[in-house]
Amino acid sequence: ITMQYGFSHGDKVLSALGAALSRLYGNDALVGRIRGYDFVLLRQYSEPQEIPQLLNRIHEAASQLGVIDGIRSELYLSVGVSTYSECEDVYRQEQLADARVQNAHNERISSEFDFSHAGKLFRVYDNLPLSFSVYELRTDPETQRIDAYYLYVNARYAIEQKKKPKDLIGRSVREVFPDLEPEWYEMAQKAAFLSQDVIEENVYYDCMKTHYRVTASQIIRQGYCAFTYQPLDGPFATKGDA
């Protein structure tokens with residue numbers, strides 16, 4: 001969200017999340033943002049079955065933030081729960097919660113990542129007025145050649161490429177664009193495996209007959225990357241950019 005809309009908007013989303021959590025549990029829990037985008041909620045419980053109910057309500061609140069400054073915002077949180085009775089030590093309790101947050105995060109982005117889940121994870125980009133797509137990079141065991149597989153495309157990407165999202169998700173880029181320049185794969189590989197920075201280039205793709213301002217960056221974890229494409233010429237170019 002910060003990459004697409006800036007730090008100021010990211011802070012507003014975090015503030016909205018904090019407010020949502022406070023509305024849920026502000027009267028019978030301590031809710032706080034402790035660092036970066038990490039939140040803590042301290043609450044007593046009477047029965048163990050209250051814990052899954054607590055988790056469900058937290059996830060629901062994060063996924064229903066609504067429109068913030070004209071941009072629809074839905075968050076998918078990694079949550080870890082620990083109880084004092086597990087260890088009878090506050091410091092150890094915090095360590096357990098942190099470890100479980102990381103486990104929840106790793107499970108969500110595991111190598112068995114569900115393609116159908118990607119649509120939910122990246123839904124915030126559906127109406128982005130810029131072509132946005134996410135790829136998983138794999139090496140072909142026979143040719144040892146890198147290929148990229150569509151994990152997600154937004155509406156603008158599908159319109160510009162004159163294709164339906166459902167006809168792209170899960171397919172390889174080499175299958176969809178067999179004549180795509182090798183430079184695209186070099187950029188994707190660098191973004192997915194080698195660089196933590198956003199890569200930006202002006203590129204002409206002959207198979208699309210269009211000049212683009214392209215950005216690529218790692219997303220989810222190593223092996224995945226996201227691209228944005230801003231046409232600099234052609235029918236979808238922004239006025240004044242050509």
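Is Val67 buried or exposed? Val67 turns out to be exposed, at a relative accessible area of 56% (exposed means over 50%, buried under 20% and partly exposed in between, with a 1.4 Å probe and protein chains only). The model is a predicted one, where local features need pLDDT of at least 70, side-chain atom pairs count only at pLDDT 80 or more, and totals for chains, interfaces and linings use all residues. Residues are numbered from 1 along each chain as its sequence is written, and side-chain values use heavy atoms, leaving out hydrogens and water.

Val67 sits in strand β3, residues 66-68 (strands are DSSP runs of E, at least two residues, and helices runs of H or I, at least four, numbered from the N terminus). Its C-alpha is 9.7 Å from that of Val13, 54 residues away along the chain.

Helix α3 takes up residues 50-63. Its buried residues include Leu54 and Ile58, along with Ala61 and Ala62. Viewed down the α3 axis, the buried residues fall within an arc of 95° (taken from the directions from the axis to the C-beta atoms), so they line one face of the helix. As for what covers them, α2 (7-25) and β2 (38-42) are included.

Over in strand β6 (residues 146-153) is Asp147. The side chain of Asp147 makes a polar contact with that of Ser172, at 3.3 Å (a pair of N or O atoms within 3.5 Å; within protein, one must be able to donate a hydrogen and the other to accept it, and residues adjacent in sequence count only if both atoms are side-chain atoms).

Conventions. The expected span of a helix is 1.5 Å times one less than its number of residues. Contact means heavy atoms within 4.5 Å.
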